[in-house]
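The structure is shown first.

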Amino acid sequence: MGRWGWRLFECDQDLDAVFNLTHELGIDIDSWEYSLSSMVHQTDMLVPPEAIAMYNTPAYAYQLANHIIPYIREKLDTDNLGEQLFAACRAKENDTDDISREPKYQTIILGALMMRCGARINAAGMEHLRDIVPQVVCSPRWTPFTDLSFRTPGKAQFLAALDHYEPGVPRSFQEPSCFTCGKIEADLGRKPLKCKRCKVATYCGKDCQTEQWNEHRPSCVPPHRRRVTNV
């Protein structure tokens, strides 16, 4: 299973969860003009460079901000569809038939998608998302059989999104976030800075970088010395 980044939506399992979410929950959105996956950068390791470059164009940014995200937010907020999806996810959280998946992580992915477009999440939904985060296995790096959900920077990213959630305000999971506290430019007033050595990890400041150093050290490899793309 490919993982080309440390955060949410930077691995095959997250993208697969997004693509299959509504189908597995038995909710039909095939008639929608934009799917939930259209909010997520599909930049896996097999995507050609020109497809990745498209996500950095002003045209795509405009389409995402002014068409895709408002459209999906309206769909999820209409007739409490978002709450229906949450209820369906929660009903499956104790399903342990498939050992290759973490059922509660599906709810995490749904919560991230809801926050991505700024859809309404009621107080009970927010509380539940906070409650299940510590119940989901979080691995600092690849481990056999347990690398089914968060890496530490993704967990921090999700918790920061919960802390700063506002209905109607989209939350980016693609822009750089601090690998320790999960904050993004909107929270900090400036962009997090890249690790000068690996050029991958980003931090809001020296304190967060120092706090995460023991975990980050094994993967802190300069670009010219990297031998594998999978993390």
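## Helices α4 and α5

Helix α4 passes α5 in a left-handed crossing, a crossing being left-handed if the near helix is turned anticlockwise from the far one by less than a right angle, and right-handed if clockwise. Helices are DSSP runs (H or I, at least four residues), numbered from the N terminus. The model is predicted: local features need pLDDT of at least 70, side-chain atom pairs count only at pLDDT 80 or more, and totals for chains, interfaces and linings use all residues. Residues are numbered from 1 along each chain as its sequence is written, and side-chain values use heavy atoms, with hydrogens and water left out.

α4 covers residues 81-91, and its axis lies 9 Å from that of α5 at an angle of about 165°. Axes are lines fitted to C-alpha atoms, for helices over the stretch in contact, and angles run from 0 to 180 degrees between N-to-C directions. The two helices are therefore roughly antiparallel (angles over 145 degrees; under 35 is roughly parallel, 65 to 115 roughly perpendicular and the rest oblique). On α4 the contact (heavy atoms within 4.5 Å) is made by G82, L85, F86, C89 and R90, and on α5 by Q106, T107, L110, G111 and M114.

## Helices α3 and α5

Helix α3 (residues 58-77) packs on α5 (residues 103-117) at about 125°, with the axes 8 Å apart. This pair is therefore oblique, and α3 also passes α5 in a left-handed crossing. L64, I69, I72, R73 and L76 of α3 meet M114, R116 and C117 of α5.

## Helices α1 and α5

The axis of α1 (residues 12-24) comes within 10 Å of the α5 axis and crosses it at roughly 90°, which makes α1 roughly perpendicular to α5. From α1 the contact takes in Q13, D14, A17, V18, L21 and E24; from α5, Y105, Q106, I109, L110 and L113.

## The two domains

The domain assignment, automatic or from a database, gives domain 1 (12-170) and domain 2 (175-230). Their centres, taken over C-alpha atoms, are separated by 22 Å.

Nine residues of domain 1 are in contact with 12 residues of domain 2. About 840 Å² is buried between the domains, with 57% of this area from carbon and sulfur atoms; buried area is the accessible area (1.4 Å probe) that two parts lose on being put together, summed over both.
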